[in-house]
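This briefing goes through one structure topic by topic. The sequence and the model come first, and the notes follow.

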Amino acid sequence: MSETGGCRGCGSPVPQRTSWSLVAATTALCLVSATSVWTAGAEPMSREEKQKLGNQVLEMFDHAYGNYMEHAYPADELMPLTCRGRVRGQEPSRGDVDDALGKFSLTLIDSLDTLVVLNKTKEFEDAVRKVLRDVNLDNDVVVSVFETNIRVLGGLLGGHSLAIMLKEKGEYMQWYNDELLQMAKQLGYKLLPAFNTTSGLPYPRINLKFGIRKPEARTGTETDTCTACAGTLILEFAALSRFTGATIFEEYARKALDFLWEKRQRSSNLVGVTINIHTGDWVRKDSGVGAGIDSYYEYLLKAYVLLGDDSFLERFNTHYDAIMRYISQPPLLLDVHIHKPMLNARTWMDALLAFFPGLQVLKGDIRPAIETHEMLYQVIKKHNFLPEAFTTDFRVHWAQHPLRPEFAESTYFLYKATGDPYYLEVGKTLIENLNKYARVPCGFAAMKDVRTGSHEDRMDSFFLAEMFKYLYLLFADKEDIIFDIEDYIFTTEAHLLPLWLSTTNQNISKKNTTSEYTELDDSNFDWTCPNTQILFPNDPLYAQSIREPLKNVVDKSCPRGLIRVEESFRSGAKPPLRARDFMATNPEHLEILKKMGVSLIHLKDGRVQLVQHAIQAASSIDAEDGLRFMQEMIELSSQQQKEQQLPPRAVQIVSHPFFGRVVLTAGPAQFGPDLSKHKETRGFVASSQPYNGCSELTNPEAVVGKIALIQRGQCMFAEKARNIQNAGAIGGIVIDDNEGSSSDTAPLFQMAGDGKETDDIKIPMLFLFSKEGSIILDAIREYEEVEVLLSDKAKDRDSEMENEDQPSSESDSQNQSPEQMTSGSHEVDLVDQESSEESSLNSHPESLFPADTDNAASPSPSEQTSNPTEYPETTSLDGECTDLDNQLQEQSDTEEDSNPNVSWGKKGQPIDSILADWNEDIEAFEMMEKDEL
Ligand code: DMJ
């Protein structure tokens with residue numbers, strides 16, 4: 001490795017190992033905007049317009065922060081629908097997501113440096129005083145080490161970094177005496193016991209008061225952690241060490257990173273999603289750049305920038321090379337298996353990967369960054385927000401959107417890199433969508449379902465830490481910010497750490513890994529950094545020329561599986577059978593199945609089981625096709641479960657002071673008009689008497705012409721519907737009688753009929769859990785007259801609230817292409833694996849037909865819920881596949897050519913090795929499906 005390789009491509013070579021600050025500063029400079037060279041393409045945005053948008057961001061921040069401070073502080077987060085603080089233990093548990101909450105005023109700490117970036121210095125000063133006065137870091141609460149590090153330790157360090165900057169300027173914070181840093185140090189010591197493992201990988205959780213493994217701690221029995229959880233500590237821990245001189249923090253974080261590096265899959269150079277913290281075995285062997293891994297990669301590159309340590313860049317480049325070889329299929333980024341990296345592990349992507357184009361800008365790889373960002377933007381244009389997960393053919397996979405900032409982050413970095421005003425327009429759209437769909441009277445609410453526009457009662461702290469920072473910086477000119485942002489690096493939570501730390505307190509013992517690298521080909525490492533001044537001056541349309549071929553990539557996409565089908569058509573061979581096309585009654589299909597070693601077992605109850613015996617396949621290629629078919633079948637079933645489990649509807653409160661801004665997630669009924677096909681119903685609400693609606697109403701005059709509120713329980717849903725209909729109601733909302741139930745924590749269901757003919761029910765009925773129902777009941781108490789809209793999808797707040805006769809907009813399912821629609825009645829039972837020589841779809845019937853459980857969301861004994869499982873009969877090939885498929889095919893051809901030893905799709909791989917891996921694949925798929933982000 002060259003001693004003076006430096007940052008080639010940045011103008012002048014920068015000597016390495018001589019001046020880290022120079023390396024760091026140079027890398028930061030590489031992000032200098034090239035705005036001045038813009039000559040054509042998207043219309044330039046005027047300074048006035050940029051300022052207007054910047055001011056809009058400030059106003060939005062005030063709305064979010066002000067409501068948090070007024071209604072939630074000192075709680076960790078604001079619940080913007082109920083307008084109060086989220087205090088852990090006082091709300092129903094949401095599972096892992098609550099591990100970010102440590103009763104330490106999370107949102108305030110996460111917002112500290114945002115206040116300075118947004119030029120709210122006075123508010124910052126005030127916020128710091130509040131943190132010092134009110135925040136207790138010694139609570140008996142179990143928190144996530146990862147979240148506490150990035151949000152709280154990072155927040156305190158970001159606050160400290162800007163506090164000392166302001167103090168030095170001489171106007172603000174003159175009283176400040178490193179108090180935030182002292183708190184950060186205290187917190188750092190509280191997190192250290194988590195590292196007490198033989199591997200050096202931290203436990204995922206720690207009790208702030210009792211540490212780990214003591215009985216009072218209630219944690220320390222975990223065996224696994226995610227790669228990002230263990231690999232996203234170095235920036236904060238090193239900064240803490242370098243600020244304080246206490247080297248232990250940086251040492252621990254380095255040790256965890258060293259261990260992860262050692263454990264990388266050596267032939268693919270990829271890492272899995274989850275690792276055993278004691279043995280170092282990969283627990284989940286799927287690998288991508290999104291959930292579970294994302295910021296591990298981010299921190300390798302940024303640790304190089306902040307600390308100037310070559311080994312981090314070398315590791316990053318090695319991983320990056322693997323990512324680009326296996327995971328990147330521009331514009332897509334698709335998870336693969338670490339040991340079989342040519343085999344996709346999923347057919348969907350998660351929203352967290354939206355940070356990756358930003359990281360690619362930092363690395364200097366602009367083209368794929370532009371491509372992926374463009375694809376993501378088109379998904380956003382379709383759904384207003386990036387759904388938590390979406391399929392490769394761009395359908396919603398997980399419909400939530402907790403106001404994540406990753407896409408705004410990438411937009412900012414791409415604008416800095418290209419100077420293309422297109423990215424300002426993108427930012428403007430993000431602002432508009434936030435105001436239009438997420439803004440509620442008391443802050444901004446996460447989207448429960450991007451298809452319906454319904455809300456969730458949460459506003460995560462990262463929304464303030466990151467979203468407003470990136471949006472504000474996007475529109476800001478240098479003079480709009482009171483310090484030079486280029487002197488800082490952004491942590492994964494967008495906290496700012498000064499680059500001068502690279503030369504401070506460097507006496508950390510580093511593991512000598514150099515010998516390992518000397519064996520690697522130096523050309524493998526890309527010693528360049530993204531100096532946009534050099535990249536684009538002669539080609540201002542560079543970014544646009546990359547986006548152009550992708551402009552319809554989302555709208556005109558074909559299901560990805562068609563690639564191979566098309567390939568077969570081209571070659572004249574018969575295309576392999578697709579899971580979507582399969583019909584159990586088609587003799588030709590049965591013949592193909594037989595060739596692939598797949599047998600069909602008809603069960604007594606009418607269901608069909610599929611089992612593959614690869615050794616019974618006609619050839620190894622047929623066996624591979626069989627495996628692919630089975631894999632598709634697993635994914636298809638799981639996708640269908642999702643689609644059929646949750647056809648949510650929306651109850652939108654349209655009267656004063658909500659004006660359509662609050663949208664509640666509602667369950668549909670299997671009877672009455674289908675709101676996705678009919679016009680929505682709008683009306684004032686009134687409680688029925690009796691409230692359970694189980695007998696003739698005694699207050700018909702109160703509900704006539706209105707939407708009746710009825711409590712769940714004591715009789716069938718259909719009976720309630722008939723009773724309120726007879727009283728003249730135009731619709732009904734059934735509110736759960738199970739106090740505290742909420743769509744945040746319980747799965748929605750459909751209200752089933754009573755087993756009799758229900759055609760007589762002509763009014764729409766929706767179901768609300770108790771928490772959502774209370775929002776309407778509270779509104780009635782406060783405002784008396786409350787008007788709601790029952791629909792399949794929230795209506796545009798601005799234009800439609802006054803107009804009762806708007807046609808209902810099409811639901812997502814209506815927008816689906818014919819091949820995405822489900823119909824027909826085949827049920828496929830996926831049976832247990834029979835032996836190591838067989839592959840079967842390893843799910844039990846109950847996992848295909850979600851059972852009614854006994855939890856808070858389960859139906860009352862007298863009621864039925866239903867989740868019918870349907871199976872698609874046919875898929876038509878319309879022959880209109882876009883360039884994307886060709887690009888992907890080319891990509892996969894290239895990959896196969898360059899990787900002679902990889903397994904999937906290669907003719908030469910022994911079938912038993914495919915089979916040996918198959919068990920792991922099935923396990924991985926099942927785990928992935930169970931996992932939540
Ligand atoms: C943030 O807390 C951080 O960006 C983290 O790295 C992952 N994502 C959330 C926001 O989506």
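A polar contact is a pair of N or O atoms within 3.5 Å; within protein, one atom must be able to donate a hydrogen and the other to accept it, and residues adjacent in sequence count only if both atoms are side-chain atoms. The model is predicted, so local features need pLDDT of at least 70 and side-chain atom pairs count only at pLDDT 80 or more, while totals for chains, interfaces and linings use all residues. Residues are numbered from 1 along each chain as its sequence is written, and side-chain values use heavy atoms, with hydrogens and water left out.

**The ligand and its surroundings**

- An oxygen atom of the ligand lies 2.7 Å from an N or O atom in the side chain of R404.
- The side chain of T492 also has an N or O atom 2.7 Å from an oxygen atom of the ligand.
- For E493, the distance from a side-chain N or O atom to an oxygen atom of the ligand is 2.5 Å.
- Taken alone, the ligand exposes 290 Å², and the protein buries 94% of that (areas by the Shrake-Rupley method with a 1.4 Å probe; for residues, only the protein chains shown count as cover).
- The residues around the ligand, those with a heavy atom within 4 Å of it, are I150, L352, R404, P405, E406, F462, E466, T492 and E493.
- This shell divides into four nonpolar, one polar and four charged residues (Ala, Val, Leu, Ile, Met, Phe, Trp, Tyr, Cys and Pro count as nonpolar, Asp, Glu, Lys and Arg as charged, and the others, Gly among them, as polar).

- Helices (H or I, at least four residues) and strands (E, at least two) are DSSP runs, numbered from the N terminus.
- Helix 14 covers residues 406–418, and its 13 residues should span 18 Å at 1.5 Å a residue (1.5 Å times one less than the number of residues); its end C-alpha atoms are 18 Å apart, which agrees.
- F413 is found in helix 14 and is buried, with a relative accessible area of 7%.
- F413 and Q360 are 53 residues apart in sequence, and their C-alpha atoms are 9.2 Å apart in space.
- G419, which follows helix 14, has a positive phi near 65 degrees.
- Helix 15, residues 422–438, has 17 residues that should span 24 Å; its end C-alpha atoms are 23 Å apart, which agrees.
- Helix 15 is mostly covered, with 13 of its 17 residues buried.

**Aromatic pairs**

- The structure holds 34 aromatic pairs (rings of Phe, Tyr and Trp, the last by its six-membered ring, with centres within 6.5 Å; planes under 30 degrees apart count as stacked, over 60 as edge-to-face and the rest as tilted).
- The rings of F717 and F767 have centres 6.4 Å apart and planes at 75 degrees, so this pair is edge-to-face.
- F717 lies in helix 24 and F767 in strand 29, so the pair ties together parts that are 50 residues apart in sequence.
- F749 and F767 form a tilted pair, 4.8 Å centre to centre with 45 degrees between the planes.
- Both F749 and F767 are buried.
- Ring pairs also link F61, Y65, F444, F463 and F468 into a cluster.

**R264**

- R264 sits in the loop between helix 9 and strand 6 and is buried, with a relative accessible area of 9%.
- A polar atom of the R264 side chain lies 2.8 Å from the backbone oxygen of W261.

How values were computed: Buried < 20%, exposed > 50% of the residue type's maximum accessible area, 1.4 Å probe, protein only.
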